[in-house]
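Subject: Structure handover and findings

Hello,

Here is the structure I said I would pass on. Please open it beside this message and follow along; my notes come after it.

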Amino acid sequence: MFGNNIKEDTLIVENIVVDSTTPVVSIITQYDTIKKYNNKLPSGETRVLVQGSDGIKYVDSTGIEKELRPVVNEIIEIGTGPKSSYVGNTTGYGADCIGCSGVVACKTREGNYHHLVNDGPYYNDSQYGSVRILASDHRVFPCGTIIVVDNGREEAFLGIVLDTGIDMRKNWELYGLIHLDVAFVTEKDPKVYSMTASHQSAKFEVKRWGW
């Protein structure tokens, strides 16, 4: 794809020839870097999918070329999605809040609806593992978006958007304010209130856009 750069060197190959100290001519094939563009990754972010390694061939004492190690091309993803960093407010809510059913608004990747009481406030994402369930305005953060949440009051954590709410939609529509609501099993959990961080003091770092 980009053209291999070939260079010759001298390599000591043990246990290949009778005299293991005999130098043999080696051909080192440098790996290529293959770029893939992904709009699920934030703009400018990169991720290595396959680590590249150079290939090695050698010409033995009889003049026969043999492969010692195959070349492995490096594959990287480059993000083309929206930017990654945002600021806003956070609050907490329980599955038993007024008007809540406990069932989140988004379908999971498996096509199910998560229940905060029966299934808990965490979702097991195939890419990021156990992540906290968040509610947002889906015009800002669509279903399945993975976000690092740091509100300055609790230790930063990884969350996934699986729900929404009137306050989130109203804050964005009327004031252009990004508001994330962190899910709990019950409103009685004292951390529901400790999640509150207003005046756009919370920081959000998107790691994946949607599913």
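A residue counts as buried when its relative accessible area is under 20%, as exposed when that value is over 50%, and as partly exposed in between.

**The model as a whole**

Please keep in mind that this is a predicted model. The mean pLDDT of the protein chain is 90, with 89% of the residues at 70 or more. The part to treat with care is residues 1–18, where pLDDT stays under 50. Where pLDDT is low, the predicted coordinates should not be read in detail.

The chain has 211 residues, and 41% of them count as buried. Its secondary structure consists of 2 helices and 16 strands. Taking the contacts with a separation of 6 or more, 69% are between residues 24 or more positions apart. The chain exposes about 11800 Å², and 51% of that area comes from carbon and sulfur atoms.

**Aromatic rings**

How many aromatic pairs does a search of the whole structure find? It finds 5. In one of them, the ring centres of Phe 141 and Phe 204 are 6.5 Å apart and the planes stand at 90 degrees, so this pair is edge-to-face. Phe 141 belongs to the loop between strand S12 (129–135) and strand S13 (146–150), while Phe 204 is in strand S16 (residues 197–208); the pair therefore ties together parts that are 63 residues apart in sequence.

Is Phe 141 buried or exposed? Its relative accessible area is 1%, so Phe 141 is buried. Phe 204 also has a relative accessibility of 1%, and therefore counts as buried.

Phe 141 has another ring partner, Trp 209: here the centres are 5.8 Å apart and the planes are at 40 degrees, so the pair is tilted. Trp 209 lies in the segment after S16 and Phe 141 in the loop between S12 and S13, so this pair ties together parts 68 residues apart in sequence. Trp 209 is buried, as is Phe 141.

Ring pairs link these residues into a cluster, whose members are Tyr 86, Phe 141, Phe 204 and Trp 209.

A separate item involves a charge and a ring. The charged end of Arg 132 sits over the ring of Phe 184, at 4.4 Å from the ring centre.

**Disulfides**

A disulfide is a covalent bond between the sulfur atoms of two cysteines. The search of the whole structure finds 2 disulfides. Counting bonded cysteines along the chain, their pattern is 1-2, 3-4.

Cys 97 has a relative accessible area of 15% and is buried, whereas Cys 100, at 35% relative accessibility, counts as partly exposed.

Another disulfide joins Cys 106 to Cys 143, with an S to S distance of 2.1 Å. The angle about the S-S bond is -65 degrees, and the link is left-handed. Which parts of the chain does the pair of Cys 106 and Cys 143 tie together? Cys 106 is in strand S9 (residues 103–107) and Cys 143 is in the loop between S12 and S13, so the pair ties together parts 37 residues apart in sequence. Cys 106 is buried, at a relative accessible area of 1%. Cys 143, with 23% relative accessibility, counts as partly exposed.

Regards

Note on methods. Residues numbered from 1 in each chain as written. Predicted model: local features only at pLDDT ≥ 70, side-chain atom pairs only at ≥ 80, totals over all residues. Heavy atoms only, no water. pLDDT = per-residue confidence, 0-100. Contact = heavy atoms within 4.5 Å. Phe/Tyr/Trp six-rings, centres within 6.5 Å; stacked < 30°, edge-to-face > 60°. Helix = DSSP H or I, 4+ residues; strand = E, 2+ residues; numbered from the N terminus. Buried < 20%, exposed > 50% of the residue type's maximum accessible area, 1.4 Å probe, protein only. Lys NZ or Arg CZ within 6 Å of the ring centre and 35° of its normal. Areas by Shrake-Rupley, 256 points an atom, 1.4 Å probe, with all protein chains shown as cover. Disulfide = S-S within 2.5 Å.
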